[in-house]
Amino acid sequence: MPIEVKFVAGGLNLYAYRIGILIALPLLIYLAPRRTGQFSKVDFLVATGCIWMMVSFVQLYGPGDGLVRSVALVLDTFGGYLIARGSISSLNDLRRVLILVLPGLLFAAAFFMIESVSDRLMIRPFFSSIFGNAVNYEGGSARGNLNLLYERRLGLRRAYSVFSYPILGGIILASFLPLFLMSGIRSKALYAGIIASCAAFFSLSSATFLALAMGVGLVISDRLLPLFRPLRWPLLSAVLVFYAILAEIALKGGIVGVVSRFTLNPATAYIRRMQWKYGGETVMENPWVGIGFGQYDRPEWLTGAIDAHFLALALRFGLIPPILFAIAIAIVMISIGRVAPRLAKSERDFLVGLNIMMTILVFSSMTVTYFSEANVFFMIALGITTSCLLAVSGQTMRGPAPLYRRPDNRVVPAPEMAASSQKRTTP
């Protein structure tokens, strides 16, 4: 549901996704230790980052106002993460989730396409007629109603569907593409997931086009890697990181400048580079607690918005939260790279698909800020990836022949392994 669907309680805006978090959290906090194992170092990093978010706001705004201002942001960030950690205990759980979310994805994708082709917004105006217009927030305060932009690109209208902004919807849908392609799901569910993901095109955003191209390109690269025996993902990733660092140092405008040449609107690309320049300077002047909802120092002509997720986090809360979140993401992705080759092909492919999804989200975060439902989705993606990593890590530690405990307390090989063993030894 779009952000027009909300209720206000105690000064807190309860959007549909926040209501979902509040309903699910008590149950999942109870279930998580039983389903997803012990508290991990990634959990610790994410929790510490969220605690610092509250500390920074208390420092900036005082105990009362600071807690009220930060509680909604922490609920979105840590709540979404906890839901994923408490819900997913195996890769099969995630396959079930992909099938369960298909109706919602198809609904959002269908109206993405319909609104774009028909040149008329439908979903958000409909809910506005029931719940009223969404509020435009600037500096943490309401500044009138939020106006939905009218913009045409490539002969089509940039659609909103159920999302807070076209680019956010496009990235969310696009990030599902490698996950469906590598999931092992078959038949109609697979095709429906691919179609829904490809509807990201109708966001008509350069970042979304890059996300779709990256998803398809990395999946194809993974399929072709076996043809080049010396080349593996760790080596390929190291080479890409090396050239990225080299480009940042040697080329004018760095990586953002290079990517900007492929955007549909060079003006917005230039503005993003200036946001990094002036926003980064403000972060260095306020590294510990940031500036909260304040405005960063910039020329008058430059917009006060920030189109870079980790830069926005650093400006609002200081460097600690984005650094901790980045370390958590790096730990999960590197660990998956180490564990995946030791698994069966179907499980290995699904983990690689998760890593590709996280790569898309992290890469896109350099040019867009995840807010509202997109921030929740980003943290859910990290929570899902963490849970799946922990699940398969347990498998690899037990070795290739899993064991199970019989009612008489004897530990024996799993039946399917025993059967396959007998087949191999039968003349």
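Leu204 sits in the loop between helix H8 (187-198) and H9, and that's a handy place to start looking around. This is a predicted model, where local features need pLDDT of at least 70, side-chain atom pairs count only at pLDDT 80 or more, and totals for chains, interfaces and linings use all residues. Residues are numbered from 1 along each chain as its sequence is written, and side-chain values use heavy atoms, with hydrogens and water left out. Helices (H or I, at least four residues) and strands (E, at least two) are DSSP runs, numbered from the N terminus.

- Most residues other than glycine have a negative phi.
- Leu204 counts as buried because its relative accessibility is 0%; buried means under 20% relative accessible area, exposed over 50%, and partly exposed in between (1.4 Å probe, protein chains only).
- Ser161 also has a positive phi, near 55°, and isn't a glycine.
- You'll find Ser161 in the loop between strand S6 (156-157) and helix H7 (166-181), and with a relative accessible area of 0% it is buried.

**Helix H9, end to end**

- Helix H9 covers residues 206-224, so at 1.5 Å a residue its 19 residues should span 27 Å; the expected span is 1.5 Å times one less than the number of residues.
- At the start of H9, a side-chain oxygen of Ser205 comes to within 3.3 Å of the backbone nitrogen of Ala207.
- An α-helix has 3.6 residues a turn, so residues three or four places apart point the same way.
- Which residues of H9 are buried? They are Ser206, Ala207, Thr208, Ala211, Leu212, Met214, Gly215, Leu218, Val219 and Asp222.

**Salt bridges around Asp222**

- A search of the whole structure turns up 15 salt bridges, each being a side-chain nitrogen of Lys or Arg within 4 Å of a carboxyl oxygen of Asp or Glu.
- Asp222 is buried because its relative accessible area is 4%.
- The side chains of Asp222 and Arg223 form a salt bridge (3.6 Å, N to O), and Arg223 is partly exposed at a relative accessible area of 39%.
- Asp222 also meets Arg348 in a salt bridge, at 2.7 Å, N to O.
- That pair ties together distant parts of the chain, with Arg348 in helix H15 (residues 345-364) and Asp222 in helix H9, 126 residues apart.
- Arg348 has a salt bridge with Asp349 too (2.9 Å, N to O), and Asp349 is buried, with a relative accessible area of 7%.
- Put together, salt bridges that share partners join Asp222, Arg223, Lys345, Arg348 and Asp349 into one network.

**Strands S1 and S2**

- Strand S1 (residues 6-9) pairs with S2 in the antiparallel sense over 4 bridges; two strands pair if DSSP finds at least two bridges between them.
- Within this pairing, Val8 stands opposite Asn13 in S2.
- Strand S2 (residues 12-15) is covered on both faces, with Leu12 and Leu14 buried on one side and Asn13 and Tyr15 buried on the other.

- Phe7, Phe126, Ile130 and Phe131 make a nonpolar surface patch of about 410 Å².
- Patches like this use residues with over 30% relative accessible area and no salt bridge, with nonpolar side chains (Val, Leu, Ile, Met, Phe, Trp, Tyr) joined within 5 Å and like charges within 9 Å.
- The area itself comes from the Shrake-Rupley method with a 1.4 Å probe; for residues, only the protein chains shown count as cover.
- Helix H6 (residues 123-131) gives the largest share of the patch, 3 residues.
- Phe131 is in helix H6, and at 35% relative accessibility Phe131 counts as partly exposed.

**Residues that meet across the sequence**

- Gln275 lies in helix H12 (residues 266-285) and is buried, with a relative accessible area of 1%.
- Gln275 and Thr303 are 28 residues apart in sequence, but 8.3 Å apart in space, C-alpha to C-alpha.
- Over in helix H16 (residues 373-398) there's Ser393, which is buried with a relative accessible area of 17%.
- Ser393 and Ile336 are 57 residues apart in sequence and 8.8 Å apart in space, C-alpha to C-alpha.

Note on methods. Polar contact = N/O pair within 3.5 Å; in protein donor to acceptor, adjacent residues only side chain to side chain.
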